[in-house]
Amino acid sequence: MLESGLLFTPGNAALSSAGKRVLNRLLIELNKPEYAERMISVEGHTDDTPIKRSGHLSNWALSSKRALAVLHFLDKQGIDGKRLT
């Protein structure tokens, strides 16, 4: 499990530069033959930034956007969408 603070700045749904680096390191492992058929579960999490200041409609919206950001990143890096949940 990766903490959202590793991937996103507070109140933001865009992957941070540091977050992209973390995911790229993780991709090295996920692409190894012994893991190539395993499912990858992505869950969105929010933070304690008040929604009024973050510009998101709700904590659910923020967490959903974060999960989608990770899914899109993994997809662009060549992870088979059949492996992603």
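What percentage of the 85 residues of the protein count as buried? The points below take up this question and related ones.

1. Basis of the note. This is a predicted model, in which local features need pLDDT of at least 70 and side-chain atom pairs count only at pLDDT 80 or more, while totals for chains, interfaces and linings use all residues. Residues are numbered from 1 along each chain as its sequence is written, and side-chain values use heavy atoms, with hydrogens and water left out.

2. Burial and surface. Of the 85 residues, 36% count as buried (buried: under 20% relative accessible area; exposed: over 50%; partly exposed: in between; 1.4 Å probe, protein chains only). The protein exposes about 5,900 Å², and carbon and sulfur atoms supply 56% of that area (Shrake-Rupley method with a 1.4 Å probe; for residues, only the protein chains shown count as cover).

3. Confidence. The mean pLDDT (the predictor's confidence in each residue, from 0 to 100) is 87, and 92% of the residues reach 70 or more. Helix 2 (residues 17–30) has the highest confidence, at 93, whereas helix 3 (residues 51–54) has the lowest, at a mean of 68.

4. Architecture. The protein has four helices and zero strands, in the order α-α-α-α from the N terminus (DSSP runs numbered from the N terminus: helices are H or I, at least four residues; strands are E, at least two). Along the principal axes, the C-alpha atoms fill a box of roughly 45 × 25 × 20 Å. Among contacts (heavy atoms within 4.5 Å) between residues at least 6 apart in sequence, 63% join residues at least 24 apart.

5. In soluble globular proteins, nonpolar side chains tend to be buried together.

6. The loop between helix 2 and helix 3. Tyrosine 35 lies in this loop and is partly exposed, with a relative accessible area of 31%. Leaving aside residues up to four places away in sequence, tyrosine 35 touches Glu29, Leu30 and Arg83. Serine 41 is found in the loop between helix 2 and helix 3 and counts as exposed because its relative accessibility is 53%. The C-alpha atoms of serine 41 and arginine 83 are separated by 8.2 Å, with the two residues 42 apart along the chain.
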